[in-house]
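Open the model in your viewer and have the selection panel ready.

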Amino acid sequence: MSTEILPRKAESARAARQMVDKAVADWGLSDLAETARLVASELVGNAVVHGEGSSIRVTVARVATDRVKVAVVDLSQQLPQIARTGEALGESGRGLFLIEALTPRWGVDEFRWGKRVWAEVAPPPEEQPADEIPMWHTIAAQAIYLAALLAVMSALAYGFATQ
């Protein structure tokens, strides 16, 4: 397990991604790195925007031979809200929407003093008939498409706003 206390600042997402890269490489799970980095960035981003306190705790743990858990602890008791399909076009909530789409499990552990938001990252399932593919995997392509669409829409909106 790897744990670091980081400032509750946007720049900490980079340190969290580096921590994830090192941990999955050490465990021989580099195929999980891309998704685990994304999860770490989103969880840190949520803690920066919605959390409280001057620091956050980021943990990467190997929870199975082929699975890691990325968790971020902050001092806010405010629980995260996930955007649903139509709401994902709003200003916030897209990160957890992506996490839900790309991971088999995620959740929140509540404490008197704050919370821990976590997600497990696992390799995609082996080739299976379409009717047997897990829901989280089938949604992944939709989430990636949605993220790309949102990026293009934001760029267009920004371009029009600056003219």
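Colour by secondary structure first: the protein has four helices and five strands (DSSP runs, H or I of at least four residues for helices and E of at least two for strands, numbered from the N terminus). Followed along the sequence, the pattern is β-α-α-β-β-α-β-β-α.

This is a predicted model, in which local features need pLDDT of at least 70 and side-chain atom pairs count only at pLDDT 80 or more, while totals for chains, interfaces and linings use all residues. Residues are numbered from 1 along each chain as its sequence is written, and side-chain values use heavy atoms, leaving out hydrogens and water.

Of the 163 residues, 35% count as buried (under 20% relative accessible area; exposed is over 50% and partly exposed in between, with a 1.4 Å probe and protein chains only).

Next, select residues 33-50, helix α2. Its 18 residues should span 26 Å at 1.5 Å a residue, and the end C-alpha atoms are 25 Å apart, which agrees (the expected span is 1.5 Å times one less than the number of residues). Show the side chains of its buried residues, among them Ala36, Val39, Ala40, Leu43, Val44 and Ala47. An α-helix has 3.6 residues a turn, so residues three or four places apart point the same way. The buried residues of α2 pack against α1 (12-26), β2 (55-64), β3 (67-74), α3 (94-102) and β5 (114-121).

Stay here for the core. Which residues have the most contacts inside the largest nonpolar core? They are Leu43, Val44 and Val58, in a core of 30 residues (buried Ala, Val, Leu, Ile, Met, Phe, Trp, Tyr and Cys joined through side-chain atoms within 4.5 Å). The largest share of this core, eight residues, comes from α2.

Centre on Leu43. Leaving aside neighbours within four places in sequence, Leu43 is in contact (heavy atoms within 4.5 Å) with Val70, Ala71, Val72, Leu96, Ile99, Val117, Trp118 and Ala119.

From there, pick Trp118: the charged end of Lys69 sits over its ring, 4.4 Å from the centre (the rule asks for NZ of Lys or CZ of Arg within 6 Å of the ring centre and within 35 degrees of the ring normal).

Last stop: Phe111 and Trp113. Phe111 is partly exposed, at 27% relative accessible area, and Trp113 is also partly exposed, at 39%.
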